[in-house]
Amino acid sequence: MEIFKIVAIGLLTCFVGLLIKQIRPEFYILVILTGGIVILFMIIDQLSVVFNYFLTIFNKTNLNYSLFSNILKIVGVGYLTEFANGICCDTGNSSIGDKIVLAGKILIVCLSFPILTELLNIIIEILP
């Protein structure tokens, strides 16, 4: 299973990061970032599966493609925010990470307005 490889790389990255942090602390963030990027590249195929699944749902329901792009943006903002927050926390800048999370949440709310509007329009059409 792919998850075992991902977990192994994650744990190896953490272990190497701890060793590097003691010897050359300035390279610690590079090790952690490299491990994170390797893991992201490992899940690219799975992201295409998710993308195709959403596309199939939207094709079957005849919903507006702008809603589809908004959902993908929301998911992207959520994951990118969490990734950036993790890096900030790893470098000891949790206060900056918290601001990134707050900004991500606000962006997600703003991106969800068209979806909420479309949902309300569908509900209004169903009601007599």
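Trainee: How do the residues of the lining of the largest pocket divide into nonpolar, polar and charged?

Mentor: They divide into 17 nonpolar, seven polar and two charged residues, where Ala, Val, Leu, Ile, Met, Phe, Trp, Tyr, Cys and Pro count as nonpolar, Asp, Glu, Lys and Arg as charged, and the others, Gly among them, as polar. Please keep in mind that this is a predicted model, in which local features need pLDDT of at least 70 and side-chain atom pairs count only at pLDDT 80 or more, while totals for chains, interfaces and linings use all residues. Residues are numbered from 1 along each chain as its sequence is written, and side-chain values use heavy atoms, with hydrogens and water left out.

Trainee: Which residues lie nearest the centre of the largest pocket, and which element gives the largest share of its lining?

Mentor: Of the 26 lining residues, Leu40, Ile43, Tyr79, Leu80 and Phe83 lie nearest the centre. The largest share of the lining, ten residues, comes from α4.

Trainee: What makes α4 roughly antiparallel to α5?

Mentor: Helix α4 (residues 65–90) and helix α5 (residues 94–126) pack at an angle of about 170°, with their axes 9 Å apart. Angles under 35 degrees count as roughly parallel, over 145 as roughly antiparallel, 65 to 115 as roughly perpendicular and the rest as oblique, and therefore α4 is roughly antiparallel to α5. The residues of this contact divide into 15 nonpolar, eight polar and three charged.

Trainee: Why is the meeting of the side chains of Glu26 and Arg24 called a salt bridge?

Mentor: A salt bridge is a side-chain nitrogen of Lys or Arg within 4 Å of a carboxyl oxygen of Asp or Glu, and the side chains of Glu26 and Arg24 meet at 2.6 Å, N to O. By this rule the count comes to one salt bridge.

Trainee: How do you know whether Gly10 counts as buried or exposed?

Mentor: Buried means under 20% relative accessible area, exposed over 50%, and partly exposed in between (1.4 Å probe, protein chains only). Gly10, which is found in helix α1, has 18% relative accessibility and so counts as buried. Its C-alpha atom is separated by 7.5 Å from that of Ile39, 29 residues apart along the chain.

Trainee: Why is Lys105 called exposed?

Mentor: Lys105 has a relative accessible area of 52%, and is therefore exposed. This residue is found in helix α5, and the C-alpha atoms of Lys105 and Val77, 28 residues apart along the chain, are separated by 8.5 Å.

Trainee: What makes Asn121 partly exposed?

Mentor: Asn121, also found in helix α5, has 35% relative accessibility, so this residue counts as partly exposed. Asn121 and Ile108 are 13 residues apart in sequence and 20 Å apart in space, C-alpha to C-alpha.

Definitions and conventions: Axes fitted to C-alpha atoms, helices over the stretch in contact; angles between N-to-C directions. Helix = DSSP H or I, 4+ residues; strand = E, 2+ residues; numbered from the N terminus. 1 Å grid on protein atoms, 1.4 Å probe; cavity = no way out; pocket = protein on both sides within 12 Å on 5 of 7 lines; lining within 4 Å.
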